[in-house]
Amino acid sequence: MSSVEQTQPLISHLLELRNRLLRAILAILVVFVGLIYFSNEIYEFISKPLVERLPEGATMIATDVASPFFTPLKLTLIAAVFLAVPFILYQVWAFVAPGLYKHERRLIMPLMFSSSLLFYCGVAFAYYVVFPLVFGFFTAISLGGVEFATDISSYLDFVLALFLAFGIAFEVPVAIILLCWTGATDPKSLSQKRPYIIVGAFVVGMMLTPPDMISQTLLAIPMCLLFEVGLFFARFYVRKNTDEESEGENESES
């Protein structure tokens with residue numbers, strides 16, 4: 001086989017990857033353009049858990065002259081990426097699917113759907129459960145002579161970090177299923193390590209959340225519960241000796 005013939009598949013894969021990336025970026029831009037008119041309303045919605053718990057007479061502030069303009073736009077762009085995640089994951093699926101075996105394709109698509117759903121659930125849990133408790137705690141503790149006023153840009157960075165932490169933490173069941181499916185571990189071994197995993201969940205909660213016990217505990221407890229969920233479903237995805245079966249699938253598809 002000549003070098004030209006060898007490079008043709010690589011070039012075709014790179015072109016396919018470029019097209020998938022362009023489609024994903026275009027989807028994000030389309031959603032962003034559709035949301036940009038509502039950028040201020042989106043920021044007001046995200047800041048609502050804190051604003052409702054501010055002391056009487058206290059408000060959020062902008063310490064940079066451009067913050068009132070750029071901060072809502074930044075949030076809108078992130079919201080566009082957030083909403084376009086299903087389409088982005090579909091582009092990833094469409095790119096890798098041709099190289100997967102039939103039994104692998106049956107697993108990957110449900111995992112992509114469930115991972116998106118779990119990430120959304122983690123973000124919703126942070127907004128509706130964690131934020132009211134955390135901000136209620138922070139605003140209730142005030143130092144004498146110190147006025148409570150939060151910068152809008154700093155607040156956005158804070159909530160985005162919590163959104164990301166809880167969104168990733170809620171992916172625990174998917175991670176466990178993948179570990180068992182690839183043969184890296186098995187449900188029995190994981191169940192025996194449950195005490196260490198519980199301690200690890202609290203350590204991760206300490207590392208991913210702000211330095212307060214409320215958010216750390218509210219992240220660790222769902223991780224422990226989701227570990228049990230992942231452990232239950234992982235029993236149906238234990239890796240088996242499927243080399244011969246995979247070869248048979250390739251022969252039948254060719």
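Reader: What is the accessible surface of the chain, and what share of it belongs to carbon and sulfur atoms?
Author: The accessible surface of this predicted model comes to about 15500 Å², and 69% of that area belongs to carbon and sulfur atoms. Accessible areas come from the Shrake-Rupley method with a 1.4 Å probe, and for residues only the protein chains shown count as cover. Because the model is predicted, local features need pLDDT of at least 70 and side-chain atom pairs count only at pLDDT 80 or more, whereas totals for chains, interfaces and linings use all residues. Residues are numbered from 1 along each chain as its sequence is written, and side-chain values use heavy atoms, with hydrogens and water left out.

Reader: How many disulfides does the structure hold?
Author: The structure holds zero disulfides. The term requires a pair of cysteine sulfur atoms within 2.5 Å.

Reader: What elements does the chain contain, and in what order do they run?
Author: The chain has eleven helices and zero strands. From the N terminus on, the order is α-α-α-α-α-α-α-α-α-α-α. Helices (H or I, at least four residues) and strands (E, at least two) are DSSP runs, numbered from the N terminus.

Reader: Why is helix α7 described as largely enclosed by the rest of the structure?
Author: Helix α7 spans residues 172–181, and seven of its ten residues are buried, so the description applies. Those buried residues are V172, P173, V174, I176, I177, C180 and W181. Their cover includes α5 (102–140), α6 (152–169), α8 (187–192) and α10, where contact means heavy atoms within 4.5 Å. After α7 comes G183, with a positive phi near 85°.

Reader: What share of the contacts in the chain comes from residues 24 or more positions apart?
Author: Among contacts with a separation of 6 or more, such residues account for 83%. As for individual positions, A124 lies in helix α5. At 32% relative accessibility, A124 is partly exposed.

Reader: Why is the pair R194 and E228 called a salt bridge?
Author: The closest N and O atoms of R194 and E228 are 2.6 Å apart. A salt bridge is a side-chain nitrogen of Lys or Arg within 4 Å of a carboxyl oxygen of Asp or Glu, so the pair qualifies. The pair links distant parts of the chain, with R194 in helix α9 (residues 194–208) and E228 in helix α10 (residues 213–234), 34 residues apart. R194 is partly exposed at 27%, and E228 is partly exposed at 33%. In general, side chains of opposite charge can pair when their charged atoms come close.

Reader: What makes K48, E52 and R53 a network?
Author: The three residues are linked by salt bridges. E52 meets K48 at 3.8 Å, N to O, and R53 meets E52 at 3.8 Å, N to O. E52 counts as exposed at 52%, whereas K48 is partly exposed at 42% and R53 is partly exposed at 28%. The structure holds five salt bridges.

Reader: Which residues make the nonpolar surface patch of about 490 Å²?
Author: V199, V203, M206, M207 and L208 make that patch. Patch members have over 30% relative accessible area and no salt bridge; like charges are joined within 9 Å, and nonpolar side chains (Val, Leu, Ile, Met, Phe, Trp, Tyr) within 5 Å. One of the members, M206, is found in helix α9.

Reader: Which residues does UniProt list as "transmembrane region"?
Author: The unreviewed entry lists residues 21–39, 75–96, 117–138, 158–184, 196–214 and 220–238. UniProt positions are given in the numbering used here, feature names are shortened, and annotations may be inferred rather than shown by experiment. In the model, residues 117–138 are 100% helix and 0% strand, with end C-alpha atoms 30 Å apart. Residues 158–184 are 81% helix and 0% strand, with end C-alpha atoms 35 Å apart.

How values were computed: Buried means under 20% relative accessible area, exposed over 50%, partly exposed in between (1.4 Å probe, protein chains only).
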